[in-house]
Amino acid sequence: MAARPGVTVGHDSGVSMSDASVIERSWDEPEAFAVLFDRHADPVHRYAARRLGTEVAEDLMAETFTIAFQQRFRYDTELADARPWLFGIATNLVGRHRRAEARRLRAIGRLPSAAGAEDTVADRVAARVSAEAVRGQLALAMARLPARHRDVLLLVAWADLGYEEVARALEIPVGTVRSRLHRARGRLRDALGGSDPTAFREESDDAPVRRTSEA
């Protein structure tokens, strides 16, 4: 793992503090930001690797925390958990590699179903239906999703964010999150002949999905 961007040493005294408190402390003590890196760098790296491959993941993870460090004064400290903020930055950076991600997915889709030990974009999802043969079909279907739908789907699936957190990460209404996730899952079900490998995490609906022209 790369050295912590923007900081020089660890800061063990922040271990029991919330993310927001760590960020606020880093305003006066920049080295305190290392605590946030220690907490969240590995999940951000895994997310980037699944989306773009291990070759790109290290640089994308480092850039995520460099940007976060530079923007720490703008963080809303009323939000204790910084994961949506960090994954939002990472997802925006993934957006610079849309074509590479689509090519990666299509390449995975052409592989034999048992090929490779890498934790690819399809592996975790395919496990939901215990069908190894679905991997290639799913990867191809993911490649065909609009990028904005894929972002929502994978923030729920891999970043383990709830709908409100995804909305915060992407700076969109929660109704748009629900709409995009619903459409993405529908398209994957259609591509897989009715199977639903994307039942990652359901949340109770307090209100009906709000359709937007932009969803």
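Is Glu165 buried or exposed? At 16% relative accessibility, Glu165 counts as buried. Buried here is under 20% relative accessible area, exposed is over 50%, and partly exposed lies in between, with a 1.4 Å probe and protein chains only.

Some ground rules. This is a predicted model, where local features need pLDDT of at least 70, side-chain atom pairs count only at pLDDT 80 or more, and totals for chains, interfaces and linings use all residues. Residues are numbered from 1 along each chain as its sequence is written, and side-chain values use heavy atoms, with hydrogens and water left out.

Back to Glu165. It sits in helix 9, residues 163–170. Its side chain makes a polar contact with the side chain of Arg83, at 3.2 Å. A polar contact is a pair of N or O atoms within 3.5 Å; within protein, one must be able to donate a hydrogen and the other to accept it, and residues adjacent in sequence count only if both atoms are side-chain atoms.

Now the overall picture. The protein has 10 helices and zero strands. Helices are DSSP runs of H or I with at least four residues, strands are runs of E with at least two, and numbering starts from the N terminus. Of the 215 residues, 49% count as buried. Take the contacts with a separation of 6 or more: 67% of them come from residues 24 or more positions apart. Contact means heavy atoms within 4.5 Å.

Next, the core. The largest nonpolar core holds 57 residues. Such a core is a set of buried Ala, Val, Leu, Ile, Met, Phe, Trp, Tyr and Cys residues joined through side-chain atoms within 4.5 Å. Leu36, Phe65, Trp85, Met142, Leu155 and Val166 have the most contacts inside it. Helix 2, residues 34–52, supplies the largest share of this core, with nine residues. As background, nonpolar side chains tend to be buried together in soluble globular proteins.

How do helix 2 and helix 3 pack, and at what angle do their axes cross? Helix 3 covers residues 54–70; the two axes come within 8 Å and cross at roughly 140°. Axes are lines fitted to C-alpha atoms, for helices over the stretch in contact, and angles run from 0 to 180 degrees between N-to-C directions. That makes helix 2 oblique to helix 3. Under 35 degrees is roughly parallel, over 145 roughly antiparallel, 65 to 115 roughly perpendicular, and the rest oblique. On the helix 2 side, the contact includes Leu36, His40, Val44 and Leu52. On the helix 3 side, Val56, Leu60, Met61 and Phe65 are among the residues involved.

Helix 8 next, residues 147–157. Nine of its 11 residues are buried, so helix 8 is largely enclosed by the rest of the structure. Among those buried are His149, Arg150, Asp151 and Leu155. Arg148 is also in helix 8, but is partly exposed, at 37% relative accessible area. Arg148 and Val177 are 29 residues apart in sequence, and 9.6 Å apart in space, C-alpha to C-alpha.

Last, two backbone angles to check on screen. Asp160 is in the loop between helix 8 and helix 9. Its phi is near 60°, a positive value in a residue other than glycine. Asp160 is partly exposed, at 44%. Glu171 is in the loop between helix 9 and helix 10, 174–191. Glu171 is not a glycine, yet has a positive phi of about 55°. At 73% relative accessibility, Glu171 counts as exposed.
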